[in-house]
Amino acid sequence: MASKLLPLLTPYTMGKFELSHRIVLAPLTRSRSYGNVPQPHAALYYSQRTTKGGLLISEATGVSDTAQGYPETPGIWTKEQVEAWKPIVKAVHDKGGIFFCQLWHVGRVSNYSYQPNGQAPISSTDRGIQPQTQHDETIAEYSPPRRLRTDEIPQIVDDFRLASRNAIEAGFDGVEIHGAHGYILEQFMKDSVNDRTDRYGGSLENRCRFPLEVVSAIVDEIGADRVGIRLSPFADFVDAYDSDPEALGMYMVKSLDKFNVVYVHMVEPRMSIVDGRRQIPHRLSPMRKAFKGSFIAAGGYDREEGKKVVDENYTDLVAFGRLFLANPDLPKRFELEAPLNKYDRYTFYTPDPIVGYTDYPFLDSSAY
């Protein structure tokens, strides 16, 4: 039925992982890990969204105590955090899912209150971020960052490496390096932020040096077949944009190809309105063609757009965020062309362990 029905529901081999369909749970910050420790309610949340042979990417997970910038987000740098992740990962594996941990450092997207000893957030630069309007119309303000010294960068690379080892110890099948959305790796990559004059600044090659050092360290630690990376060369989140996003994206995918990482997960440019209908620009084609591994596309996809891009071989897999958040049985709903639950953006980041988290209904109410 699946092949007749929907290219999104056809099997796919991603490196050593046999996926039963092409629908991926995108990494989604949910702000319900109290004290930066994953909580038991996360086991239900992730297992609800697990199908046998389905790929899930965890919410962004901090690699160190300097990596934090949002309330109640999980980490994976302490023994307590590793132990707390274990039953969550087991809940996904018990249903036959494949689970990657997204490793995160926010860099300058932070303020003193999130940093150890109230210190300045670290970044590629000492230039701060303009206040940002949030989804709920509140204004987020950020503390001025401190520019990392050249000799400090290897320590941050090592934080990512140790976090990858911890993720494997927690039972994850692999890790996704968060190189997108204006966080620390993009703060080095993008020329709107990186104003350095050392070997980590200036040329495209220099700006990408630190992210690729992180990739190299993690590949050496856990193996390339367990490593993916998320990139958003076209994005402009938190004042992080690039004057030549195509060149940045191409340089990164060609460099990543040499490491044989299992996948690249790329975010589309922002949707535009054409003829009264929202349309995804589909500008990732050159990067998709330049990368030999598996390719995941993300950014505003629905069932029809997802069907189209897999059918046309524009991408191998499609990541769904808000739709998967609100529809724990999204693959089943796509298969049956069933109506979708509407998401409530005002409960995306509330700390409630149930509301807006595990209480979205299934088509079959007896599923849980």
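**A helix and its surroundings**

Tutor: Happy to, and note that this is a predicted model. Of the 8 residues of helix α2 (residues 41-48), 7 are buried, so α2 is largely enclosed by the rest of the structure.

Student: Which residues of α2 are buried?

Tutor: They are H41, A42, A43, Y45, Y46, S47 and Q48.

Student: OK, zooming out. How many helices and strands are there in the protein?

Tutor: The protein has 12 helices and 17 strands. Its radius of gyration is 19 Å, close to the 21 Å that the globule rule gives for 368 residues, so the protein is as compact as a globular protein of that length.

Student: What does the C-alpha trace span along its principal axes?

Tutor: About 55 × 40 × 40 Å.

Student: Back to burial, but for the whole protein. What percentage of the residues is buried?

Tutor: Buried residues are 59% of the 368. As for contacts, taking those with a separation of 6 or more, 71% are between residues 24 or more positions apart.

Student: How many positive and negative side chains does it have?

Tutor: There are 42 positive and 48 negative ones, and the centres of the two sets are 4 Å apart.

How values were computed:
Residues numbered from 1 in each chain as written. Predicted model: local features only at pLDDT ≥ 70, side-chain atom pairs only at ≥ 80, totals over all residues. Heavy atoms only, no water. Buried < 20%, exposed > 50% of the residue type's maximum accessible area, 1.4 Å probe, protein only. Helix = DSSP H or I, 4+ residues; strand = E, 2+ residues; numbered from the N terminus. Rg over C-alpha atoms; globule rule 2.2 N^0.38 Å. Contact = heavy atoms within 4.5 Å. Lys, Arg positive; Asp, Glu negative; His and termini not counted. Charge placed at Lys NZ, Arg CZ, Asp CG, Glu CD.
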